[in-house]
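Hi,

Here is the structure I promised to pass on.

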Amino acid sequence: MSDAATWIAVVLACAVCFALKLVGHLVPEHWLARPRVARTAALVTVALLSALVAVQAATTGRALVADARLPALAVAAIALALRAPFVVVVVLAAVTAAVLRAMGMP
Amino acid sequence: MSVATGLYGVSFGALSVAAGLSLPQTMALSLLMFSGGSQFAFVGVLGAGGAAGAAIATAGLLGVRNGLYGPQVAPLLHARGWRRPLAAQLTIDESTAVATAQRDPAAGRVGFWWTGVGVFVMWNLFTLGGAVVGDALGDPRRYGLDAAAAAAFLALVWPRVTGPGARLAQLVAAGAVLVALAVTPFVPAGVPVLLAAIVAIVAGMLVRGPATTDREETDEAGDAEPDETTAGSADRPDPEGTP
């Protein structure tokens, strides 16, 4: 994607996200606070983030791949289970993948 | 809290430049989008070769959460004029959690502004630091930054799928992973993540709250169960009248 196209995408995405925040402040009725809407939104967040984990860890383009990212993700999961802070989790995953690749893993 | 959030801004800055965005584009996201989950998703989709439309849609869907926070914090803030768009921009997980955790509205107001401004400043400073470091590192794969992106998403979703009452969230997460991987070979990059969201919409519309089995038939009664106790609790408006 060209630099200009990326800029357009950045600006549009920022505008969408800001508009969503503003709508929450402007909508007079509290229909947004309905439990079903709130619960569905929470589940959408879970689904998107979970799908992003899978896509980032196990795909390249349209191919499903198993490489150094998977053991790195396992290390991240262990760190999270041990309540490690965000940055520690991310750095441990990066280091795991980097070390495995230095050892010859794809 | 601001410092903790700032540190996670380092990860965003580094991952954003690793995904191919320039330093100014990375900073524009932190200044203007200012929503961690949406920002990580946006650069994640673009970095994986996804189309701009898919990246915008994914970021927007993750940003819906912030829209739902509005009705929780707006009554505390009474923001008018130029303060209102400012309050909207600062309406994120952290500021909402702090504002709604206070017993009295004045404390909630103070908590919202201090947390919102504090996180905004730290988030942007640390994004800049992360982007500069990421730029200097070069090849992202060599340093495992692609694995770091997956770990970042796992860390973001973790509090929402652990703890008591997260059963439905776990099922949705598993379904989303299966859908995303199953459709990956057949659709353009970025689309699998969007298709996975359908799992959640179907689940949210069809499934009643876990505590609804035999008590009452109404939605209100069914949805009033406490759920997602940890960080996810800020996700949902507190149902009125929950015992």
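This is a predicted model: local features need pLDDT of at least 70, side-chain atom pairs count only at pLDDT 80 or more; totals for chains, interfaces and linings use all residues.

**What I found**

In chain A, 36% of the contacts with a separation of 6 or more are between residues 24 or more positions apart; two residues are in contact if their C-beta atoms, placed from the backbone, lie within 7 Å.

Residues are numbered from 1 along each chain as its sequence is written, while chains are lettered from A and ligands numbered from 1 in the order in which they are written.

Chain A has 4 helices and 2 strands (DSSP runs, numbered from the N terminus: H or I of at least four residues for helices, E of at least two for strands). Follow the sequence along and you get α-α-β-β-α-α. With a radius of gyration of 19 Å, well over the 13 Å that the globule rule gives for 106 residues, chain A is more spread out than a compact globule. That radius is taken over C-alpha atoms, and the rule is 2.2 Å times the number of residues to the power 0.38. The C-alpha trace of chain A spans about 60 × 40 × 25 Å along its principal axes.

Now for the partner: 69 residues of chain A are in contact with 93 residues of chain B. On the side of chain A that touches chain B, H2(A) gives the largest share, 23 residues.

Cheers
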